[in-house]
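Dear colleague,

My notes on what was found in it follow directly after it.

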Amino acid sequence: MSKIRVGIIGTGGISHFHMHGYLAQSDNCEVVAACDINEPKLKAFGEQYGITKLYTDYNEMLAKENLDAVSVTTWNSVHCPATVAALNAGANVLCEKPMAMNTQEALQMEEAAKKNGKVLQIGFVRRYGMDAHAAKDFIDSGAAGDIYFANVSYLRRNGCPGGWFGDKRYSGGGPLIDLGVHVMDLARYLAGRPKPVAAYGVTFRNISATDDDGTPKAWTIDTSGGEFERNVEDFATGFIRFDNGFVMHVSASFTLNIKQDHGDVEIFGTKAGIKLGAPSEYYTSDGKNGVLDDEKYNKPSGFNDIFDYQVAHFIDCVKNGTPCIAPAEDGVALMRMIDAIYESARTGKEAIIEY
Ligand SMILES: NC(=O)c1ccc[n+]([C@@H]2O[C@H](COP(=O)([O-])OP(=O)(O)OC[C@H]3O[C@@H](n4cnc5c(N)ncnc54)[C@H](O)[C@@H]3O)[C@@H](O)[C@H]2O)c1
């Protein structure tokens with residue numbers, strides 16, 4: 001097979017990590033085209049990577065470039081339309097997390113992948129970290145027993161990225177859909193991908209973190225593509241039940257009065273509990289503590305590294321037909337969990353996940 005022809009839709013922050021991954025795979029693929037509605041950003045991206053086929057309309061790029069693979073790295077509200085268009089144009093897709101704005105969109109994307117017989121990989125990048133590998137191997141070996149509870153968090157003290165991240169119309173929600181999704185996915189993946197059946201959730205918008213002049217504190221305020229509102233929750237917490245009895249508690253914040261940013265993934269079984277980290281640790285009911293530090297986990301797990309592993313897996317799936325470890329159905333399951341927490345937060349009652 002000749003080199004896989006790749007296109008990038010959305011040339012913002014995270015697209016550079018996808019590019020890093022594609023460049024590491026340059027024996028197998030080439031990024032030949034890129035698209036963004038923000039022309040200056042697109043042009044700078046093209047210059048940085050020597051990509052000359054630049055488009056402000058992804059439909060035009062898909063019609064002209066005969067792409068085998070596409071990374072969808074836009075803000076969340078464009079994940080569904082861009083992914084469906086790319087799949088219908090015959091490309092395989094690596095779509096950033098969260099898969100979509102809601103379950104309904106995620107189902108449309110899953111259907112488009114099935115209909116076209118293409119790979120749709122969701123950007124659950126934490127699955128490729130060595131901590132995740134160590135925990136998965138330990139659990140799959142039976143050493144943790146039956147997994148029945150996970151406690152996961154992704155908490156920032158004052159870290160709303162601003163811009164579209166703070167506007168539900170573009171993001172679909174706040175820290176739950178943006179940050180919580182990473183740790184919720186990891187716990188569900190490690191627990192053997194059970195089916196979510198119900199959730200109870202609460203969201204808060206209590207803290208208006210502003211500079212002295214009233215400007216919301218944020219890492220970036222990028223108003224390209226629209227006037228962004230600031231209407232997402234600043235903290236969310238929820239409790240999810242699964243069909244096999246497994247339960248998960250999640251907390252996620254953009255702003256919360258804590259000492260410092262932190263996040264935990266703890267997962268508990270009948271024989272042992274595991275806390276992910278570098279290295280991951282385990283604790284057993286007969287009083288043993290240990291670390292999961294086998295030589296094979298001794299590989300770099302920085303941000304660029306896990307994106308490289310993720311892209312390498314995507315290229316492997318496209319080129320060799322290797323089964324995808326982060327398929328559309330897992331993205332759909334995550335959107336069901338997120339929708340149910342937001343619905344419960346609205347109604348004050350447990351939300352039942354209907355199939
Ligand atoms: N996996 C991770 O750890 C991680 C980290 C950060 C962001 N993300 C995800 O990556 C995605 C992008 O986030 P970001 O931080 O790069 O945001 P960003 O704002 O830096 O980039 C998004 C880009 O999408 C472009 N865009 C919007 N609509 C478009 C359209 N119709 N066609 C082409 N381009 C369009 C915007 O102009 C912008 O340049 C989000 O879904 C986010 O959740 C994932």
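Asn 66 sits in the loop that runs between α3 (58-65) and β4 (69-72). In this predicted model, Asn 66 has a phi near 50 degrees, a positive value in a residue other than glycine.

Pro 98 belongs to the loop between β5 (92-96) and α5 (103-116). Another is the bond from Ala 278 to Pro 279, where omega is near 5 degrees. Pro 279 is located in the loop between β12 (272-275) and β13 (280-284).

A polar backbone atom of Lys 97 is 3.0 Å from an oxygen atom of the ligand. A polar backbone atom of Ile 14 is likewise placed 2.9 Å from a ligand oxygen atom. From His 182 it is a polar side-chain atom that lies 3.4 Å from an oxygen atom of the ligand. On its own, the ligand has 850 Å² of accessible area, and the protein covers 89% of it. The elements that contribute two or more residues to the shell around the ligand are α8 and α9 (303-320).

Which residues come nearest to the ligand, of the 27 around it? They are Asp 36, Lys 41, Asn 76, His 79 and Trp 164. Sorted by class, the shell comprises 13 nonpolar, nine polar and five charged residues.

The axes of α6 (residues 130-140) and α8 (residues 175-190) come within 10 Å and cross at roughly 30 degrees. Angles under 35 degrees count as roughly parallel, and α6 and α8 are therefore roughly parallel to each other. On the α6 side, the contact is made by Ala 132, Ala 135, Lys 136 and Ile 139, and on the α8 side by Leu 186, Tyr 189 and Leu 190. By class, the residues of this contact of α6 with α8 are six nonpolar, no polar and one charged.

The second pair consists of α4 (residues 79-88) and α5, whose axes come within 9 Å and cross at roughly 10 degrees. That crossing angle makes α4 roughly parallel to α5. From α4, the residues in contact are His 79, Cys 80, Thr 83, Val 84, Leu 87 and Asn 88. From α5 they are Glu 105, Gln 108, Met 109, Ala 112, Ala 113, Lys 115 and Asn 116. The contact of α4 with α5 divides into six nonpolar, five polar and two charged residues.

Yours sincerely

Methods:
Residues are numbered from 1 along each chain as its sequence is written. This is a predicted model: local features need pLDDT of at least 70, side-chain atom pairs count only at pLDDT 80 or more; totals for chains, interfaces and linings use all residues. Side-chain values use heavy atoms; hydrogens and water are left out. Axes are lines fitted to C-alpha atoms, for helices over the stretch in contact, and angles run from 0 to 180 degrees between N-to-C directions. Helices (H or I, at least four residues) and strands (E, at least two) are DSSP runs, numbered from the N terminus. Angles under 35 degrees count as roughly parallel, over 145 as roughly antiparallel, 65 to 115 as roughly perpendicular and the rest as oblique. Contact means heavy atoms within 4.5 Å. Ala, Val, Leu, Ile, Met, Phe, Trp, Tyr, Cys and Pro count as nonpolar, Asp, Glu, Lys and Arg as charged, and the others, Gly among them, as polar. A residue is near a molecule or strand if one of its heavy atoms lies within 4 Å of it. A polar contact is a pair of N or O atoms within 3.5 Å; within protein, one must be able to donate a hydrogen and the other to accept it, and residues adjacent in sequence count only if both atoms are side-chain atoms. Accessible areas come from the Shrake-Rupley method with a 1.4 Å probe; for residues, only the protein chains shown count as cover.
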